[in-house]
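Here is a short tour of one protein model, written for someone who likes to know what sits where. Have the structure open and follow along.

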Amino acid sequence: MSRQKVMGQPTRDAYGDALAELGKENPSIVVVDADVSGSTKSRAFAKAFPGRFYNVGIAEANLIGIAAGLASSGKIPFASSFAAFLICKTYDQLRMSVANPRLNVKFCGSHSGISLGQDGASQMAIEDLALTCSLPGVTVLVPSDGTATKALVRAAAVHDGPVYIRTSRPKSPVIYQPSNTLSIGTANTVQDGRNATIIACGLLVWEALVAADLCAAKGLSVRVIDMHTVKPLDEAAINRAASETGAIITAEEHLLDGGLGSRVAHVVARTRPVPVECIGLDNTYAESGLPEELFERYKLSAPHIAAAVERAVKRK
């Protein structure tokens, strides 16, 4: 039986909507963008609150410095740009101006991963999770759909400390309903299972659910966990999955080095060793193409995740 796919809004659009809503509720929230507010969708905030929106131009390092200054002045700044520019170009500023003093800056990288598609490798952030997770004190969030994005942006606004939010360009399949709750640091089990657990984040949560259906057709019961908070990880959820299902598969739209898989494997190795298989980009940048073509080309799609489940179960 095939799972019904209902498309929702892109997570970047949900980010913009959430900012505009938060702006009405909290006058301390300000937004800074690097001249791409039409793409990051922070323009929704700019239209509603032009006096609290700052376009610094194509100058991401300055963007981080300005956001840090605003945070030092008691504001709650949300700094937005393409993830490749926001993280890869400004790592020193993030390290010294935000992470080191642990300032209350929220930074959102849109157009992340290879689902950016036709724009090509230069604008595909596939290192951003590794970089941001390596910064002490920084919380890292990867929402899987529009509802999750709005909930996590709201959570980030009241969280004390720096937060990185990763959003995507294409429309996202609906995972959550408005009645669902999401909290920083607490993973969501979106499907239960007995034989193995897929731990995914972002757009690969949907692929994980489809993979679980493919496995069910072969008699395997697969749990699917949305690890929307990549840092700090929900170690209790990982340990339960290892104990109860005996095999872990991770799936992320990111390099295998330093991302979700590396972090989950570290927990499993330390606390409850079981077979682990990791799905992600294997030491390569991607080509230009349609998102679904790229997911298949780089083995991030549901059939490849399902194959990893079978490998992990055989190793039990």
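Leaving out neighbours within four places in sequence, Thr90 is in contact with Glu60, Ala61, Ile64 and Phe85. Please keep in mind that this is a predicted model. Thr90 belongs to the loop that links α5 (83-88) and α6 (91-99). Is Thr90 buried or exposed? Its relative accessible area is 0%, and because buried means under 20%, Thr90 counts as buried. The side chain of Thr90 also reaches the backbone oxygen of Leu86, at 2.2 Å.

Now for the pockets, side by side.

| Pocket | Space | Lining by class |
|---|---|---|
| Largest pocket | About 270 Å³ | 8 nonpolar, 2 polar, 4 charged residues |
| Second largest pocket | About 210 Å³ | 6 nonpolar, 3 polar, 5 charged residues |

The largest pocket has a lining of 14 residues, and those nearest its centre are Lys5, Glu207, Pro291, Glu292 and Phe295. Three elements, β8 (171-173), α9 (204-216) and α12 (291-297), each supply at least two residues of the lining of the largest pocket.

Which residues lie nearest the centre of the second largest pocket? They are Ile279, Gly280, Asp282, Tyr298 and Lys299, from a lining of 14 residues. Here β14 (276-281) and α13 (302-314) each supply at least two residues of the lining of the second largest pocket. Of the elements, β14 gives the most to the lining of the second largest pocket, with 5 residues.

How values were computed
Residues are numbered from 1 along each chain as its sequence is written. This is a predicted model: local features need pLDDT of at least 70, side-chain atom pairs count only at pLDDT 80 or more; totals for chains, interfaces and linings use all residues. Side-chain values use heavy atoms; hydrogens and water are left out. On a 1 Å grid over the protein atoms alone, a cavity is a set of points where a 1.4 Å probe fits but cannot get out, and a pocket is an open set with protein on both sides within 12 Å along at least five of seven lines; lining residues have an atom within 4 Å of a point. Grid points are joined across faces, edges and corners, and a volume is the space filled by probe spheres set on the points. Helices (H or I, at least four residues) and strands (E, at least two) are DSSP runs, numbered from the N terminus. Ala, Val, Leu, Ile, Met, Phe, Trp, Tyr, Cys and Pro count as nonpolar, Asp, Glu, Lys and Arg as charged, and the others, Gly among them, as polar. Buried means under 20% relative accessible area, exposed over 50%, partly exposed in between (1.4 Å probe, protein chains only). A polar contact is a pair of N or O atoms within 3.5 Å; within protein, one must be able to donate a hydrogen and the other to accept it, and residues adjacent in sequence count only if both atoms are side-chain atoms. Contact means heavy atoms within 4.5 Å.
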